[in-house]
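Colleague: I have not looked at this one before. Can you walk me through it?

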Amino acid sequence: MKQTCSLAHVAFDDEAVANFFDDQVDAGLRPEQFGRIWIHTHPGECPEPSPTDEATFDRVFGRSDWAVMFILARQGRSYARLRMNYGPALECEIPVRRDYSEPFPGCEPECWEEEYLTNVHPEQLKPGRPLSALDGFDWDADWFFDDPDLEGDLK
């Protein structure tokens with residue numbers, strides 16, 4: 001899917017998302033068959049969801065009957081959580097197991113690099129514009145230390 005990315009930000013092309021959903025529905029699928037699992041990566045070793053991940057999961061999947069957030073970080077570390085919003089609502093972490101021993105339908109690794117290069121583009125920063133991940137970040141209000149001794153050690 002077409003998107004622009006930085007180290008800490010991704011923005012999907014709205015038209016590409018709409019076309020993907022249209023194509024899947026035209027193929028006879030329902031959204032719960034193709035649009036409920038959000039898989040993404042983290043650049044570091046921590047797979048825990050960030051506040052941005054949580055906000056995105058709530059915004060995009062909060063009204064879905066069910067959804068899964070899966071995060072893959074460096075060193076193969078991962079996180080997965082199932083959210084069910086119908087009946088008795090449920091939200092829980094789920095175990096992850098990756099098995100690359102068998103091919104699966106639609107798996108064409110030789111095409112992945114071409115698809116990646118075609119659809120994933122680096123975010124272009126304009127001079128004087130902060131990184132997307134830091135937009136709206138108030139350093140004085142959001143970055144503080146309660147312990148003066150700790151603050152001195154980190155300077």
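**The sheet and what surrounds it**

Modeller: Strand S5 (residues 78-84) and S6 run antiparallel and are joined by four bridges. This is a predicted model, where local features need pLDDT of at least 70, side-chain atom pairs count only at pLDDT 80 or more, and totals for chains, interfaces and linings use all residues. Residues are numbered from 1 along each chain as its sequence is written, and side-chain values use heavy atoms, with hydrogens and water left out.

Colleague: Which residue stands opposite leucine 90 in S6?

Modeller: Methionine 84 does. Strands here are DSSP runs of E with at least two residues, helices are runs of H or I with at least four, and both are numbered from the N terminus.

Colleague: In what order do the four strands of the open sheet come?

Modeller: The order is S3-S4-S5-S6, with mixed pairing; two strands pair if DSSP finds at least two bridges between them. Strand S3 (37-41) and strand S6 (90-93) are at the edges with a single partner strand each, so one side of each has no neighbour in the sheet.

Colleague: Which strands does helix H3 touch?

Modeller: Helix H3 (residues 51-61) packs on the sheet and touches S3, strand S4 (66-72) and S5. Contact means heavy atoms within 4.5 Å. The direction of H3 makes about 150° with that of S4; axes are lines fitted to C-alpha atoms, for helices over the stretch in contact, and angles run from 0 to 180 degrees between N-to-C directions.

Colleague: Switching to rings. How many aromatic pairs are there?

Modeller: Six. Rings of Phe, Tyr and Trp (its six-membered ring) pair if their centres lie within 6.5 Å; planes under 30 degrees apart are stacked, over 60 edge-to-face, and the rest tilted. Phenylalanine 21 and phenylalanine 34 have ring centres 4.9 Å apart and planes at 70°, so that pair is edge-to-face.

Colleague: Where do those two lie?

Modeller: Phenylalanine 21 lies in helix H1 and phenylalanine 34 in helix H2 (residues 31-34), so the pair ties together parts 13 residues apart in sequence. Ring pairs link Phe20, Phe21 and Phe34 into a cluster.

Colleague: Is phenylalanine 34 buried or exposed?

Modeller: Phenylalanine 34 counts as buried, at 16% relative accessibility. Phenylalanine 21 is partly exposed at 32%. Buried means under 20% relative accessible area, exposed over 50%, and partly exposed in between (1.4 Å probe, protein chains only).

Colleague: And what comes after H1?

Modeller: Glycine 28 follows H1, and its phi is positive, near 95°.
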